[in-house]
Amino acid sequence: MVKGARILQAAVSGTTRPLASNRNSSGNRMLSAANRGLLSRNLLAESSFPLCRQFTSSARSMQQKDLPHQASSAAATAKKSDLATTSTVKDSSSLTVGQKLHGFVVEDIQTVSELKLKALRLRHQNTGAEWLHIDRDDPNNVFSVGFNTSVSDSTGVPHILEHTTLCGSEKYPVRDPFFKMLNRSMSTFMNAWTAHDYTQYPFSTMNVKDYENLQSVYLDAVFNPSLREVDFRQEGWRLERSDMEDTTSSWQLKGVVYNEMKGAFSDAGSLFATRAEQQMFPGTTYQYVSGGDPAFIPSLTHEQLVDFHRTRYHPSNSRFYSYGNFPLGPQLERVSKMINKYSCITPIIVPMDVTPYGEKQVTELGPVESVGSPDKQTKFSISYLTNDMRNVYETFSMSIFSSLLLNGTSAPMHKALIDSHIGSDYSANTGYSPYTRQSSLSVGLQGIADKDIPLVEKLVEESFAKVYNEGFERRRIDAALASVELAYKHKTSDFGLSLMKSISTGWFHGVNPVEYLKVSENVARLRADIDGGKFFETIVDRYFADSKHKLKYIMLADPKYSQQHDQREQEMIQNKLSTLTSSDLAVIDEKNKNLAQEQMKKEDLSMLPTLTIDDVAPKSARYALDMGVAGECVPVQWRTTSTNGISYFRAINDVREKYPDLWPYMPLFCEALTYLGTKSRDMPEIETDIRLHTGGISFSPFVSTDVAHLGHIEAGISFGSHCLDQHIKPMYNLVLELVRETNFDNTHRLKALLNALSTNMFNDVAYSGHMYARRLSASTLTPEMHALEELNGISQVKFISDLARLTDLSQVVEKLKQVQDVIFNKMTVRTAITTNSGSVDDNQSAIENFLSMYPHKDASDAISSKAEANAANASKFVLSSSRFFCPLPFATNFAGKSTRTVPYTHPDSVKLQLLAKFLTPNYLHREIRERNGAYGGGASYSALQGVFSFFSYRDPSPLETVKTFDRSIEWIAGEHTVSERELTEAKLSVFGDLDSPLSVSEEGMSYFTTGITDDMRQERREQFFQVSANDLKEMAVKYLAPKISSQVSSVAVIGEEGLAMSGDWKRVNLQ
């Protein structure tokens, strides 16, 4: 499925898509919504969509020994079975180049010491299928199979195939085994995605039996899919009456991918970047939208889909990837049995090399962004063709060049374009893109006036000329390379998956994937080339001074764009209807009825593999923590473990429920700390030091509910950093400098920051609208959710857009100073340090020095007194029930409903969490996604917030979905009998979340942030085992039945202005 439009394909490592806001703390910009990832089967992991498992930070108790997860007897048996198998076929540690194993021959073996791994490249003798195995001591094992799926049209055939492939297969002939396996597994990740020119099906898990189960389902899905027409019509597109029982009702276009891509193209940034890329690469596969353009998706036929699978999903066109500490031999054997029947073919490849066309300018129309200034709605960028991405070293060099050119306040383009206030932020496609055969680099602005296009072009050219004449400051270069090296030493829980993403694009283009792993070699080579002189200046001369392929792309905002888009859809429907006879329409009606019956059919799922409760470890992992004190009174949580030479620091400053009038300013305050600079140093200088010495410094608002009382919250700011152990002292000093000395009087930079935040927050609503809908619906129910709505919800989007329109920022400056004064206080701060045993003393010394100069609130301070007075007059939270409608110029919708329930420690909390896990696959997925055609929907339960929520994403009928939320409760409370199998699956899903691996930096953080101890977590774990089927029914009746919950529930819909809203809906307007 999709993560936006096709430009979404920039999420894997290496890209540099800078923004002036949404920054990480080192001064680098995070990706915009338009550039966040691949066209994926699942919704974004970061959006908490329940189709994709999220690891939960587990609390750790104090002063206990580290204990691994206890392997169950079943899991241990499975592991012994695997080891027995490999004893006859040899494991990867004993393989040699040239050795043959299960039809594969080992072509290359290389050790990459800095990543502590061994890489083995194998090739299947019969078909030529390639396999990369990464042997590494990591329990979170990964497997993926992928295919080159370059396209020659914009019908979205690889994207729709990616969906329908997972809708049943020869061995597993059930409807959508992919989604059904989510609750029969303890996977740490399950997904599938379509990129520019390839499609991948990855999963990860720490359980050997689970690994075998998922591998079997994935392999049968891609090589032996059912590809039924009924699934194509559900997942791709179909004509359907608005009322299937009324033959006189109007016709509409439906389908999961169709609606998904309508939503993706509603994101103005995504649309801009997609269209610009299409214009950049005419005559190649990249001139088409691999995820599908809604204007062309209805041209795809079922026959074309089947033919695409036949020619593309072949072992000769495949790449297999495995990672972790599971034996390789059994995996090779299982895959070999699946593909041995194939013979070698020559894969179909659509042209990927563009013929240079010199310079071209294209102007197209796009939607208006309602939060922006009416006279500054234009988007403009200049794109340059750069290197062949198959040259690994040159691609690496270009990514560093792009970072130096664009990223951070010290970057030449940032100084020229962002600091000038000509536009609100970089354009969505700004940055280096190595995801096409011939890479490109784009620079542009959004939120500009038409008349300023020549000025932007002039500033871009002058910036390139300046780099050619002066190069980059050496300290900035060293800082950029230091960031790369630190990033590879940082131990993450999803390292294997991240590694796969970083090598995939090049691998599918014929590059030896191991070359991407040799980071130290590339860094050393680049340093040597830079020392040789004029290295980056040569890049400017080669690609930008006299470009042979250059695109100037303009998108003008048309107030009638959305209306005309709807008109074109209706014209497309009418054109299709005009070619159909009454008999044809009767056939379509019958097919739609058959689809509806198919969606409601009770299936026998017994053939699907599954884990059982016996496969779940009875005990949680424990991490040793020590509690200390620094600075005379400040609590310090110590976690001493293997950190690969990195120290991690985190702090929380709590103001409890005080100063609610300042809460809306806290997100801006956190952004400003790493953007404005100080009174003695400007931000570019500080930023370079941050990148030289740390992995970034982050500040963010913090809110947490008391585990025993929903009415009590802790609120404030969380901040932290990490660094190599030799940089411990400068890390703490840099954090302290920002805390104490940030210059909030720098209104010039503050204005630039507000402009960028306003634009990007609005775009984020189009991308993550379901999260905003849930947050808005829950805002009336608990103090925490009320605070989160103000901090990170629709209310915050409106608040920042209003501030961005101000010409006088003096009041904003005063508020930010008040926040600084009341937040940073030695008397209310607590800290946590994760480090190795050899660096404890250095951290202890540094934290003592840090706290000796940390602000200590003086009660007589004038600003503090004023903040206290405002806080005393602020209104307290009052529970209420409401219905919200937020109209936006999108061609898609989102719905959310939330109900207040019980706190974390209440015995019903675990039952409610299981109920949410039960409702999504057993009712909501079928009704919201399969029948209604939304991209996704489901239920979720936040145990820490005490809120039960429903949501839908990119939903064509959100008002009907709101009714579906209530019907799901009526269904489980009434007619449905919860089977033991269904209950077990819900429990497996919960335990999969609980037992997902943690990054070393997250170990112990749950206790630090929430106060949940090991014993509390273990007690909750044991309660999950005891929940019965009747408990789920009881929870539905007790808390969620509409008559019971009406006073503690709220609903929110975000979407099209034209929705037929009637009744007591409260409009929330962003303008």
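Two strands are said to pair if DSSP finds at least two bridges between them. Strands (E, at least two residues) and helices (H or I, at least four residues) are DSSP runs, numbered from the N terminus. The model described here is predicted: local features need pLDDT of at least 70, side-chain atom pairs count only at pLDDT 80 or more, and totals for chains, interfaces and linings use all residues. Residues are numbered from 1 along each chain as its sequence is written, and side-chain values use heavy atoms, with hydrogens and water left out.

**The six-stranded sheet**

An open sheet of mixed pairing is formed by six strands in the order β27-β28-β26-β29-β25-β30. Its edge strands, β27 (936–942) and β30 (1066–1067), each pair on one side only. Helix α23 (residues 769–778) packs on this sheet and touches β25 (883–887), β26 (894–900), β27, β28 and β29 (1049–1055), contact meaning heavy atoms within 4.5 Å. The direction of α23 makes about 35° with that of β26; axes are lines fitted to C-alpha atoms, for helices over the stretch in contact, and angles run from 0 to 180 degrees between N-to-C directions.

Strand β5 (residues 130–135) is mostly covered, with five of its six residues buried, that is, under 20% relative accessible area (1.4 Å probe, protein chains only). In the hairpin of β4 and β5, five residues lie between the strands, and G128 takes a positive phi near 85°.

**Strand pairings**

| Strands | Sense | Bridges |
|---|---|---|
| β27 and β28 (residues 947–953) | antiparallel | seven bridges |
| β4 (residues 117–124) and β5 | antiparallel | six bridges |
| β5 and β12 (residues 318–324) | parallel | six bridges |

Individual bridge partners include F948 in β28 for Y941, I134 in β5 for A119, and R319 in β12 for E130.

Key
Buried means under 20% relative accessible area, exposed over 50%, partly exposed in between (1.4 Å probe, protein chains only).
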